[in-house]
Amino acid sequence: MKLISLELSDFRCFLGSHRIEFSHDPERRVTIFHGENGAGKTNLLNAIHWCFTGKFTPRFQDKQILVNKEASRQGRRECFVEIVLQDESERGSSSAIYRIRRSATNDRETGFEVFRVEKGNSTVVPAGQGLIHRFLPAGLVSWFFFDAEAIGSLELSGSEPFRQDLRKTLGFDLVDTLLADLEAVYTKRRQEVASQTNDKDLKEIQSRMDDIDRALPGLIEERDKHERKVSELSAELELVRAELAKKPKAEPLEKNRRSIEAEMAGFSREKLEYARRAAETVGRAAPATFLQTLVARLAGKLDEQEVRGRLPSPFSDQLVDDILKDHKCICGRDVNEGTEEEKRIRDLLKFASTGELNRRINAVRYLSKDVERFGREFPADIQSIRSKMASIDRSIGSREDRLKEITQELQGIDQDEIKKLEHRRIELEAARTSILMSLGAVKHQIENVEARKADLKVRYDLTVKRLAVNARLNKEMKKVQRLIAYITAAAKEQEKRALNVLSIELNSVLDRYLTKHYRAKIDPATYAVQLIDEDGKKVGHSTGEGQVLKFAFIATVVAMAAKKTQEKIEWLSVPTVAPLVLDAPFSALDPVYQGSVAKNLANQTTQLVLMISSAAWGESVEEALEPFVGKRYLIVSKEAGARGQKPIKTLHLKGRDYELNQYGAAHPESVFGEIA
Amino acid sequence: MPANNSSLASLMKSIGEEVDEEGKAGWTEEQRLLEAISKELLHLERDLTLPDRTISKSARVARLIEFIEKKDF
C-alpha cells in the first residue's frame, strides 16, 4: 500500500481545505514536511493515523477539539480527512486505488467510508474498515505511523503485547489463528467422544475443560488490556518526566531521582538474588533438620557396631576365600570339601567385609556428617542471608525517603508548570502501580487455569483409553492431533528463521551506523531486544546508542514485514507493505547518529513520510535524505497579531532560506507550501 | 539497499533454500503428506480470515472439520 494524497478540511490547525500529494516513486520515495514546533506536524501525523484507525497517537493532546477553532467560529461544525491510497497487492490486477474518508464534529465521529476508485468513478466498499485492516492490520499501525518524539517510551523489553504485535508484523498471526481454530476442532471432537461413549467421568472432565475454555479468553483479554494500559501509562510517564527534565529548576532533581531509582533497581535485583539463596538454603536444610535426629541415631548405631567389632566385619572375604582354596583354617585344622566345617566357613562369606561394603559404610558416614553439618550451619547461613536482606531493605527505605523528599522539593518549586508536571507524574505512577498489581493477579490466575486444563487433558486421555471409542471418531481425533503437532513444530521453525533474519538485518544496520561495536540480541521467548557492548554487558535503552537501536529496530521490522514476499515464508500471512510515517524522527537522537538513522530509514522503507523541524534538519540528515526526496512541503505557521520582538524562524535548504512562520494574520492557522 | 546488506540477504536466502531442500530430501512420506495438507489448511484459513470477510469462528471450525474429514492420512 502506498499513500497517494491527503486532503484535510478544517482539521485542527488547518483551516479550510488543504490537499497534499505524497511521493510514491520507488526511487524518490521520501516526502518531507518541514515545520516548527506547534506548526502542525503532529496534527498531520494524527490526521493520517485517525483516518485509518479512528484513533490517535498516545501523545496527541486535546483530542476532543478536532474542528479548527476559526472554522467553528465561522459556523462550520465538522472536519474531515481523506486519504487516497494505492493497493498493489490485489490478485489479478496491477493495482487498485481506494479513497478513505473520515469525518467528525468535536463531539463524535460522523462518518467513515471507503471507496474504490475506477476510471474516475467511486463506489462504496462494504465493510471498509476490514479492507483497511488488510492494508495495515490494526495491531501494526503503531509501528508504521510513529510519533518518533516518543521513541524513548518504545518498550523493547518483551512485554506480551509487544511480542504479539511483532508476531503480527512478521506475519505469524495467520498460523496462530489456524492453530487456535484447530484446537477448537480438537475440543469439538473431544466433546463428540464424551457424548458417544456416554461415560460419566469423561463427560465431567470435558465439561470442566469447556468451562476453562469459556473463561480463558476473557482472562487473556484482561491481561492484554492491562499490559497495553501499562505500556500507555509508561509512555506518558516517560514524556512527563522528559518534560520535567527540560525545566532548569527541576532538571537536577529529576536527574537525581533517576539515579536513585537506578540504585533502587540494583538493590531490588540484589534482594531477589538473596531471596533465591534463602529459598535454596531452606530447601536444603529443611530435610536435614528433619533427618538430624534420625541421622544422629544411625551414627550412634554405626559407632556401637564398630566398637563391638561387627562393622566392618572382623574378617574379610579374601580371608574366607583363602581358607576355602587352601582347605586349611588359620587355626591349622583341615577344611575339606563337603564337610560341615567347609559349609560353616562358606556361610561366613555372607558377613565378611568387602571393599564395596566398606565404601558403603563410609558413604553413610559422610552423608550423616553432611546432614549434621547442614542442620548445624543452617541457622547461621539463614541468619546471614536475612541480615543482608534487612540491610538491603534499609538501603531501599532510605532511598524511598529521598524520593519522597525530591517529590516535596519539586512540588515546592514556585513554578506552576513544574507543580503540574510533578502532580501528573504522581498520578501516573500510582495508576501504573495499581494496574501492575491487577496484571500480576490476572497472570497468576491464567497460569493456574492453564495448569488445571493441562491436568484435565491428561485425565481425559487416561480415561478415554479404557473406553470403547467409535473407530471413525478415534481416527479423526488422531488426525487433528497430528496436524496440530506438525503445524506447531513447523511454525516454531519458521519463527526461529524469521527472528534470525531480523537479528542479522538489525545487526547489519547497527554495524554500519553505530560508532561502537555493539550487538543486538533478540530473546526468542519474549522477543525482548537488548543491546550488548563489546564486553557482553547490557547497554541501556535510554543511551544514544539505545535510541539508534529503537529506530533501527522499527525500520528493520517494517522492512521485514514487506520482505516476506521475497523470502517466501509460506507459513506467514499476507505481507504488510505500507509507508512509514514518522513525526519528529531525529529530535530525540544524538546528533552523531541523525544522518545514519536518516539514511537507514530511507534505505529500509518502500515509502517514507517525515515531519521534521528546522532544528533537526542538519547537514548530515540533508545529505542522507536528499537523493531519495520526491516531494517536500513547508508547514507555515501563521500567527495573529503583530510580530513585535518575536523571531522569524527559517529553514536553510539548498542555499535558500524559507520562512516557517508569519505574523499579522487575521487568525492563527497553518498552511502547506510545496517547494522543489 | 546498500550492496553489503543486499548480498547478505541474498546469501541468507540461498543458504535457507539449500538447507530447506536438504531437509526435505530426507522427509518421510508421512512428513510430505502432513506438509501438503498443512499448507492447504493454511490457504483455507487465509481465505476464511480475510479482513473484509465476516466468517464466525464456529463457521471456520466447521469448515476445517469438513476439510480434515475429507483428507485420508
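Mentor: In this predicted model, Glu21(A) forms a salt bridge with Lys631(A), and their closest N and O atoms are 3.9 Å apart. Because Glu21(A) belongs to strand S2 (residues 14-21) of chain A and Lys631(A) to strand S14 (residues 629-640) of chain A, this pair ties together parts that lie 610 residues apart in sequence. Glu21(A) itself is partly exposed, its relative accessible area being 35%.

Lys631(A) has another partner to consider, for its side chain also meets that of Glu674(A) in a salt bridge, at 3.4 Å from N to O. Here Lys631(A) in strand S14 of chain A is joined to Glu674(A) in strand S18 (residues 669-674) of chain A, so the parts tied together are 43 residues apart in sequence.

In chain B, the salt bridge between the side chains of Lys70(B) and Glu66(B), at 3.4 Å from N to O, is set within one helix: the two residues are four apart in helix H3 of chain B, which means that about one helical turn separates them. Lys70(B) counts as exposed, with 65% relative accessibility, whereas Glu66(B) is partly exposed at 39%.

Back in chain A, salt bridges with shared partners join Glu238(A), Arg241(A), Glu254(A), Arg257(A), Arg258(A), Glu261(A), Glu422(A), Arg425(A), Glu429(A) and Arg432(A) into one network. Over all chains, the count comes to 58 salt bridges, among them the pair of Glu21(A) and Lys631(A) with which we began.

Definitions and conventions. Residues are numbered from 1 along each chain as its sequence is written. Chains are lettered from A and ligands numbered from 1 in the order in which they are written. This is a predicted model: local features need pLDDT of at least 70, side-chain atom pairs count only at pLDDT 80 or more; totals for chains, interfaces and linings use all residues. Side-chain values use heavy atoms; hydrogens and water are left out. A salt bridge is a side-chain nitrogen of Lys or Arg within 4 Å of a carboxyl oxygen of Asp or Glu. Buried means under 20% relative accessible area, exposed over 50%, partly exposed in between (1.4 Å probe, protein chains only).
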